[in-house]
Amino acid sequence: MFTVSARLTFYIQQSYSLKDKRQVRRSVIEKTRHKFNVSIAEIATQDNHKTLTIGIATVSGEAAHSKNSLNEIIRYIENNTAADLINVEIFDNT
């Protein structure tokens, strides 16, 4: 079993309150969960309305599949969200 996880940090320019941030967060998480069967959640910066930090984890029987899946998920999120991706940290346990 191979796991790969990532921490993605986004800057939400159009967010002026935590309510605005929640809308962006909900959209990112629901779209990603619907398209990919992946664990995803907000993991930090909950009190900062301009910054969104989410964690993603993939598990697979093959290391290459796990890594490729995570890279595809990151590209998908980056292309389908209103926020700017400013940092990606990948944690490879393979």
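Buried means under 20% relative accessible area, exposed means over 50%, and partly exposed is what falls in between, with a 1.4 Å probe and protein chains only. The model is predicted, so local features need pLDDT of at least 70 and side-chain atom pairs count only at pLDDT 80 or more, while totals for chains, interfaces and linings use all residues. Residues are numbered from 1 along each chain as its sequence is written, and side-chain values use heavy atoms, with hydrogens and water left out.

**Exercise 1. The aromatic pair**

Task: work out how the rings of Phe36 and Tyr76 are arranged, and say which parts the pair ties together.

Solution. 
- Step 1: grab the rule. Rings of Phe, Tyr and Trp (its six-membered ring) pair if their centres lie within 6.5 Å; planes under 30 degrees apart count as stacked, over 60 as edge-to-face, and the rest as tilted.
- Step 2: count. There is one aromatic pair in the structure.
- Step 3: apply the rule. The ring centres of Phe36 and Tyr76 are 5.4 Å apart and the planes stand at 75 degrees, so this pair is edge-to-face.
- Step 4: Helices (H or I, at least four residues) and strands (E, at least two) are DSSP runs, numbered from the N terminus. Phe36 belongs to the loop between α1 and β2 and Tyr76 to helix α2, so the pair links parts that are 40 residues apart in sequence.
- Step 5: check burial. Tyr76 has a relative accessible area of 19%, so it is buried; Phe36, at 12%, is buried too.

**Exercise 2. Charges over rings**

Task: which ring does the charged end of Lys35 sit over, and which face does Lys50 lie over?

Solution. 
- Step 1: the test asks for NZ of Lys or CZ of Arg within 6 Å of the ring centre and within 35 degrees of the ring normal.
- Step 2: the charged end of Lys35 is over the ring of Phe36, 5.8 Å from its centre.
- Step 3: Lys50 lies over the face of Tyr16, with 4.8 Å to the ring centre.

**Exercise 3. The core**

Task: find which residues touch the most other members of the largest nonpolar core.

Solution. 
- Step 1: a nonpolar core is a set of buried Ala, Val, Leu, Ile, Met, Phe, Trp, Tyr and Cys residues joined through side-chain atoms within 4.5 Å.
- Step 2: the largest one has 20 residues, and Leu8, Phe10, Ile54, Ile56 and Ile77 touch the most other members.
- Step 3: β1 (2–11), α1, β3 and α2 each give two or more residues to this core. The biggest giver is α2, with five residues.

**Exercise 4. The largest pocket**

Task: describe the lining of the largest pocket by class, and say which element gives the most to it.

Solution. 
- Step 1: on a 1 Å grid over the protein atoms alone, a pocket is an open set of points with protein on both sides within 12 Å along at least five of seven lines, and lining residues have an atom within 4 Å of a point.
- Step 2: the largest pocket holds about 170 Å³ of space. It is lined by 13 residues, and Asn37, Val38, Thr58, Val59 and Ser69 are the closest to its centre.
- Step 3: β3 (51–60) and α2 (63–79) each supply at least two lining residues, and α2 gives the most, with five.
- Step 4: Ala, Val, Leu, Ile, Met, Phe, Trp, Tyr, Cys and Pro count as nonpolar, Asp, Glu, Lys and Arg as charged, and the others, Gly among them, as polar. That sorts the lining into five nonpolar, seven polar and one charged residues.
- Step 5: zoom in on Asn37, which sits in the loop between α1 (18–35) and β2 (39–44). Its relative accessibility is 87%, so Asn37 counts as exposed.

Note on methods:
1 Å grid on protein atoms, 1.4 Å probe; cavity = no way out; pocket = protein on both sides within 12 Å on 5 of 7 lines; lining within 4 Å. Points joined across faces, edges and corners; volume = space filled by probe spheres on them.
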